[in-house]
Amino acid sequence: MLLDVFLTDQEKALKREVRNFAKDVPPELTKQLDRDEIRYPREYVKKLGDRNLIGLRFPRKYGGRGLTWTAEIAALEEIGVLGTALGCAFAMPSIVGEALNVFGTEEQKEKFLRPMLKGDLVSAEALTEPRGGSDFFGATTRAELKNGTFTVSGQKRFVVGADSADFFIVYVNTNPTGKPHERISLLLIERDRPGVEVKYLYGLLGTRGGGTGRIVFRDVKVPDSNLIGKINEGGTIFNTMMIPERLTSAGASLGMGRAALEVAMRYSDRRKAFGQKIRTFEGVSFKVADAITELDAARALTFAAGKTVDLKLPTARRLASEAKKCATDAAWNIVNLSMQIIGGIGYTNVFPIEKMVRDTRLIQIWTGTNEIMNLLIQHEFYREVLGDPNPGRNIEVDAPEGHMKDEIVYEDDEMWTKGW
Ligand SMILES: Cc1cc2nc3c(=O)[nH]c(=O)nc-3n(C[C@H](O)[C@H](O)[C@H](O)COP(=O)(O)OP(=O)(O)OC[C@H]3O[C@@H](n4cnc5c(N)ncnc54)[C@H](O)[C@@H]3O)c2cc1C
């Protein structure tokens, strides 16, 4: 098993524990969520809290388990089989909790982190605005600080969990004339503050029941004790927050791909065409081979990314972005291959693959689109390669005609300055 390479006995035990939890989730809950009959799975979150399964990485003194990213990724794969709404309800405290645990005050940790890890408080992260989600530093939701109180006005949209959250962490513009990296701050805003309005608006393709909504802030008064980290340091905080956003997406994607593939494998082992099991056709079994290879590659990269974060290596941000891109693309490919294996009945809701297709389409978009992942990956890798103090062999020396320096032209101008 690939996982044996990555997991300690303790992590394997956690994986089994979470697997059993996922198996116990009533099928009726997943169906009601998908029918939009339940807007947010609050009872499920409470059950996670009761079993001490929320915020596994956070210190025990706040109610976490003090585990590593490796452990959390193993858990996320098991929860991911439940789809994006329940996966996100599990993952959101890991994201919001990171901000509170790393940058929050002791008072914020006691008041918000601890009850959140028990499942008593629900949180949401509000970054995206109607004007866009990719351009983080362009946020226009304003927060003006006067005499110890922020006044917040603006809107955030597509906020998962908004419908049920007791508090939001909200990226706000506190310095509109400053340099982009010095404009943003992170505020914790309780839902019951006057001027906060949540609208449950969207007819979503999937991820129904995740409580996705729009939040409007109309002159909301927020005490400066709700500032997370320092003023105008939201950019630095976001750099840290990228990690849990991306690794939780990656980890849960593994479960989505795996669950769909297993359905297709069971089906192909029983379904017959031309008098034989369809898995005996190369056109079917090679799809399974492609899918499991892609899934294992995504799994290996996701665990490797988790380990770089645990070890605080400088490549952590790049690897977390690669893992998010690779695992979400893999899950999308695998659920589609799984649907193809099942044939027409896979396109109906007699099988759960169609829901997985609807769910996984989102994961390439949220927590930063996969194009934004590419932006970051190439940026960081250029920096690593061009700044490497001890690079490997430069194979340019091995080019047979490499001595023809006049042929190595980087800019038009060089031809003229060097002469013909
Ligand atoms: C169901 C759902 C749940 C969500 N949950 C949350 C949440 O809980 N909290 C939250 O804050 N947000 C959430 N989001 C928002 C999500 O993160 C954004 O939709 C996403 O970041 C993209 O932002 P956008 O939709 O504004 O697209 P835009 O930023 O307008 O981008 C549109 C397209 O342009 C591309 N693009 C933009 N800039 C570049 C560039 N520089 N280079 C290459 N391509 C580029 C993008 O990749 C994308 O394809 C959720 C979205 C959905 C649909």
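Visitor: Where does Asn232 lie?
Guide: Asn232 sits in the loop between strand E8 (227-228) and helix H8 (234-270). Helices (H or I, at least four residues) and strands (E, at least two) are DSSP runs, numbered from the N terminus. This is a predicted model, where local features need pLDDT of at least 70, side-chain atom pairs count only at pLDDT 80 or more, and totals for chains, interfaces and linings use all residues. Residues are numbered from 1 along each chain as its sequence is written.

Visitor: What is the phi of Asn232?
Guide: Asn232 has a positive phi of about 65°, although it is not a glycine. Most residues other than glycine have a negative phi.

Visitor: What about Thr207?
Guide: Thr207 is not a glycine either, and has a positive phi of about 55°. Thr207 is in the loop between strand E6 (196-199) and strand E7 (213-223). Thr207 is buried, with 26 other C-beta atoms within 10 Å.

Visitor: New topic! Which residues come nearest to the ligand?
Guide: Of the 23 residues around the ligand, Leu127, Gly133, Ser134, Thr369 and Glu371 come nearest. A residue is near if its C-beta atom, placed from the backbone, lies within 6 Å.

Visitor: Which domains give residues to that shell?
Guide: Domain 2 (126-232) and domain 3 (235-385) both do, so the ligand lies between them. The domain bounds come from an automatic or database domain assignment.

Methods. Buried ≥ 20, exposed ≤ 12 C-beta atoms within 10 Å, placed from the backbone.
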